[in-house]
Amino acid sequence: MSKLGRIRQALRHPSPFLCLLLASYLFVFLALYFMEPKPIVLRIGTFAGSNWDVPEGASYAYLDEVIAQFEAEHPGVKVTYQSGIRKTDYPEWLAGRALAGEMPDVILIPQDDFNLYAGLGALLPLDDLAKKDASFSLDDFYPAPLAFARSTDGSSLYALPAECMPRLMFVNRTLLEREGIPVPQDNWTWDDFLAICRKVTRDTDGDGRLDQFGTYGYTWQDAVITSGASLFRPDGRASHFTDERIESAIRFANALHQSQQGQIVTERDFDLGRVAFRPFSFAAYRTYQPYPWRIKKATDFEWDCIRLPRGPEGKNISPVQTLLMGISAKTRERQLAWEFLKAYCHDKDNQTMLLEVSAALPARRGIIENTLARELFGMTGSSEGRSPLAVSQVIEEGSVPYRFPRYQAAMLLADRKIQALIDNDALEVNSMNRIQKEINDFLLK
C-alpha cells in the first residue's frame, strides 16, 4: 500500500493515539485563540479630500499619523476607518451606518451638518468628560470654532473643533502695481475698496468691452459681516434686515455690482489675472501660492491676502468655518473615544503637524502664531510683512456663526431675494422692509 493510501486508511479508522493527538492540537488551538486578548476596535467616520474644497494629495495623512501615535500609546487598541467616501456622499454614508446600528465611535462633522446630528441625539454630550479631564481646557480653542461645537443655546458641548478656516480678501498685487495702486492695509474700508474697484475696472485693449475688473465673489453677506450689525436675533425668532447698517451693506454691494457696468465677472477672469480682489478661504492661499499648484492657477500674477474691508460702524473681521469631531451617542468606548478626540483636536504637537500635512488651520490657540511664515504662507519669508500672528488674530476675532435650526434655510431665502435686487439694480426705499417681513414670517412658521 502506498504512503498516501496508508494515510487515508488511518484517517478513516484512526487509532486511539491519533485521536488523542488531534484532540490535543485542537485544545491548544482553541485555548490560544480564546486566551489571546482581542484588540479593542475604535471606528472613525471620515471622508476623502479636503473639507475646504482644495486639492489635497494625501487626504488621510493627518488621520493616519494620529492613529499611528494613538495605537502606540494604547496597546491593544486598533483604530479603523473606511477610506474613499466622498464628502458629498458622507452624510448619506453616516445615515446608513446609523440605521444599521454601526455608527462609528468618533465622527468628523462638517459645520453645515452639525446641527442635524446634534439635534437628532446622535452625538454624545462631552461636558462631563471635558470637566473631569485635568489635561484638557476649552480655553485652548479659538472662540468662533468652539462656539459651533455647542448646542444651539450654548449650554452643551457636542464636539470639539478640529480645523478652522477664515475667509480673507485675496489681492492681485501685479494688477494693482500696474495701476499704480498700493496693496491696502488690513484696516481698509468699504470706501477704499469701492474706489479701487472703480479705478481698475476698464477696457484695457480698446475693443469696447470691459476686460479688467475690481472684484469677483464678494457678496452682500461679506459686507453685512463687516457692517457692525446682526442679521438675526440669537434665538432665530426675528431678523434685522431693516437695520440701517445692513441696508448700507447691501447698497454697498449694489454699488460694487454697478461698477462692473452690467458685465458678468467669472472665476476664469480672476485666474487670468484680470480681477483685483476676490474673497477666498485661507486654504486656497496655502494651496495655490506654493509650487506646484501655483503654476496651475494664477500663473501670471502675484497675489496677497488681507482682511475684508469694514463698513463705517463695523470691523475688519472674517467669518470662520469649522470642521468638528464628535463621539457617537451609541459608542461603547466613551473614554477611549474621548482620548482619541483629544489627540486629534487638542494635542498641541498633532495640531502643529496639521499645518505641515494639509491646507487646514488648527483650531487650537498658540500654534499658528508660533509657526514660521514660510510654513504658513508657503513662501520664503512672510507676505509683504504679514506674519502668522496676523492670521491668528483674524481667527481670534472671527465672527461667531448663528446656531438656530432654520438659519441655513432663512439665509437661502434672503440671498435669493437680495441678490435679485442687486443683479437688477432694483433696490428701493421699502425693499428691506418687504424682505424682513418675509423672513420673519418664515422664521415664525
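Of the 445 residues of the chain, 49% count as buried, where buried means under 20% relative accessible area, exposed over 50% and partly exposed in between (1.4 Å probe, protein chains only). This is a predicted model: local features need pLDDT of at least 70, side-chain atom pairs count only at pLDDT 80 or more, and totals for chains, interfaces and linings use all residues. Residues are numbered from 1 along each chain as its sequence is written, and side-chain values use heavy atoms, with hydrogens and water left out.

**Whole chain**

- The chain has 19 helices and nine strands. Helices (H or I, at least four residues) and strands (E, at least two) are DSSP runs, numbered from the N terminus.
- The chain exposes about 22,300 Å². Carbon and sulfur atoms supply 52% of that area. Accessible areas come from the Shrake-Rupley method with a 1.4 Å probe; for residues, only the protein chains shown count as cover.
- Take the contacts between residues at least 6 apart in sequence: 74% of them join residues at least 24 apart. Contact means heavy atoms within 4.5 Å.

**Helices α18 and α19**

- Two packed helices are described by the angle between their axes and the distance between the axes.
- Helix α18 covers residues 407-423, and helix α19 covers residues 431-443. They pack at an angle of about 160 degrees, with their axes 10 Å apart. Axes are lines fitted to C-alpha atoms, for helices over the stretch in contact, and angles run from 0 to 180 degrees between N-to-C directions.
- α18 and α19 are therefore roughly antiparallel to each other (angles under 35 degrees count as roughly parallel, over 145 as roughly antiparallel, 65 to 115 as roughly perpendicular and the rest as oblique).
- The contact residues include Leu413 and Ile418 of α18, and Ile435 and Phe442 of α19.
- By class, this contact of α18 with α19 has 11 nonpolar, one polar and two charged residues. Ala, Val, Leu, Ile, Met, Phe, Trp, Tyr, Cys and Pro count as nonpolar, Asp, Glu, Lys and Arg as charged, and the others, Gly among them, as polar.

**Helices α3 and α15**

- Helix α3 (residues 61-73) packs with helix α15 (residues 348-357) at an angle of about 150 degrees. Their axes are 9 Å apart.
- In α3, Ala61, Tyr62, Glu65, Val66 and Gln69 meet Asn350, Gln351, Met353, Leu354 and Val357 in α15.
- The contact of α3 with α15 has six nonpolar, three polar and one charged residues.

**Aspartate 304**

- Aspartate 304 sits in strand β7 (residues 303-306).
- Aspartate 304 counts as buried because its relative accessibility is 0%.
- Tyrosine 285 is 19 residues from aspartate 304 along the chain, and their C-alpha atoms are separated by 8.2 Å.
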